[in-house]
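Student: I am new to this structure and would like a close look at one part of it. Could you take me through the place where the two chains meet, and then show me what surrounds it?

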Amino acid sequence: MGAIQNKLEGPVTDELALVQAAKKGDDSAFEELVRRYDRNVFRIAQHITQNREDAEDVVQEAFLKAYSNLAKFQEQSKFYTWLVRIAVNEALMKLRRKKPERTVSLDEDIKTEDDSLPREIADWSPNPEQQYTQAELREILSKTIQGLPPGFRTVFVLRDVEGLSTEETAAALELSVPAVKSRLLRARLQLRERLGRFFQRRENGDGERGDGDK
Amino acid sequence: MKCSEFLHELTNYLDGVLDDTTKVELENHLSWCHNCYVVCDTTKKTIEIYRDSQLYELPDDLRTRLRSAIMSKCQQHKKRGPESV
């Protein structure tokens, strides 16, 4: 069993050249940056807000903020990390407006005792995702990640879905590296446990379809 | 290595950033502790399933609409000047 390989999207070598051209007023260079990262920002925004219209708003607001603050971007970090930080803040603001009764923060009280062993350790069927149609699987994954606190799912989506490094995630979320690692572990273990309801190996046969509520 | 120590190192192991000594100890633990093997294997699968899921893909028509809205807002911002946002 080896390490997870992260997928990287798009070359970053000429990112700085695009940023510098955009700073000088070349809107086509900025449009290229939009084209390069709009899918990622949309995915991150929808993971955090869990709402498509909100995610659309976040994409627009994040890029407009990036455009209007481009002069302030110091070029010490990657443009993408800076953009992600803006988008995460916009998405969390949306969430706060919708759920004012609950504090939505990346610093919310999150248990970090890493030595608490998972309760559910039943094995999964081989290729468990193939028990479901694409649409069913997406529904399961979406419902499952919705149950995680925003602070957990944000770290998970940046690290494991978008493939940012631990350091980049820490920079984008203004968290320490140990805080990112701790949240990532909890997020991964919680998702694993919740998905187990759908993917568990059944006693009367591997290929049998789970109904998810046992 | 105890189960609690395995869990503590799980994220570093899956991310491939463990030092060689700890990695050998962890893999030795996995070779005899079935529960930890299952936790490790299914956590890895969890990550892979989410990563490969194409959850929340941006449809092409919406993508075009959003990009055009973004660029038009940027143009308006440019005309009005930097104090407008």
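Tutor: Here is a walk through the meeting of the chains, followed by the parts around it.

Please keep in mind that this is a predicted model. Let's begin with chain A by itself. Of its 214 residues, 38% count as buried. Among the contacts in chain A with a separation of 6 or more, 69% join residues 24 or more positions apart.

Now to the meeting itself. On one side, 46 residues of chain A take part, and they are in contact with 39 residues of chain B. Which elements of chain A give two or more residues to the side that touches chain B? They are helix H2 (27-49), helix H3 (52-68), helix H5 (134-146), helix H6 (150-161) and helix H8 (177-199) of chain A. H2(A) provides the largest share of that side, with 11 residues. Sorted by class, the side of chain A that touches chain B holds 22 nonpolar, 18 charged and 6 polar residues.

Start with A:Phe30, which is found in helix H2 of chain A. A:Phe30 counts as buried because it has 22 C-beta neighbours inside 10 Å, and the cut-off for being buried is 20 or more. Leaving out residues up to four places away in sequence, A:Phe30 touches A:Ala22 and A:Tyr67, and also B:Cys74 from the other chain. For a sense of distance, look at A:Pro126: 96 residues separate it from A:Phe30 along the chain, and their C-alpha atoms are separated by 45 Å.

The second residue is A:Arg192, whose place is in helix H8 of chain A. Is this arginine buried or exposed? A:Arg192 is buried, as 26 other C-beta atoms lie within 10 Å. With residues up to four places away in sequence not counted, A:Arg192 touches B:Thr42, B:Thr43 and B:Thr46. Within chain A, A:Arg192 and A:Thr144 are 48 residues apart in sequence, while their C-alpha atoms are 9.5 Å apart in space.

Helix H8 of chain A also leads us over to chain B. Helix H1 (residues 3-14) of chain B has buried residues that pack against H8 of chain A, together with helix H2 (20-32) and helix H3 (34-51) of chain B. Those buried residues of H1(B) are B:Phe6, B:Leu7, B:Leu10, B:Thr11, B:Tyr13 and B:Leu14. Seen down the axis of H1(B), they fall within an arc of 160 degrees, so they line one face of the helix. H1(B) has 12 residues and reaches 16 Å from its first C-alpha to its last, close to the 16 Å expected at 1.5 Å a residue. Just after H1(B) comes B:Gly16, which takes a positive phi of about 70 degrees.

Stepping back, chain B is divided into domain 1 (1-53) and domain 2 (58-85). The C-alpha centres of these two domains of chain B lie 44 Å apart.

Chain A is also assigned two domains, domain 1 (15-98) and domain 2 (128-199). Here the C-alpha centres lie 21 Å apart. The contact between the domains of chain A takes 13 residues from domain 1 and 13 residues from domain 2. On the domain 1 side, H2 and H4 of chain A each supply at least two residues, and H4(A) gives the most, with 6 residues. By class, that side of domain 1 of chain A has 6 nonpolar, 5 polar and 2 charged residues.

What is A:Ala45 in contact with, leaving aside its neighbours within four places in sequence? Its partners are A:Ala55, A:Val58, A:Val59, A:Ala87 and A:Ala91.

How values were computed
Residues are numbered from 1 along each chain as its sequence is written. Chains are lettered from A and ligands numbered from 1 in the order in which they are written. This is a predicted model: local features need pLDDT of at least 70, side-chain atom pairs count only at pLDDT 80 or more; totals for chains, interfaces and linings use all residues. Two residues are in contact if their C-beta atoms, placed from the backbone, lie within 7 Å. Helices (H or I, at least four residues) and strands (E, at least two) are DSSP runs, numbered from the N terminus. Ala, Val, Leu, Ile, Met, Phe, Trp, Tyr, Cys and Pro count as nonpolar, Asp, Glu, Lys and Arg as charged, and the others, Gly among them, as polar. Domain bounds come from an automatic or database domain assignment. The expected span of a helix is 1.5 Å times one less than its number of residues. A residue is buried if 20 or more other C-beta atoms lie within 10 Å of its own, exposed if 12 or fewer, and partly exposed in between; C-beta atoms are placed from the backbone. The arc is that of the directions from the helix axis to the C-beta atoms.
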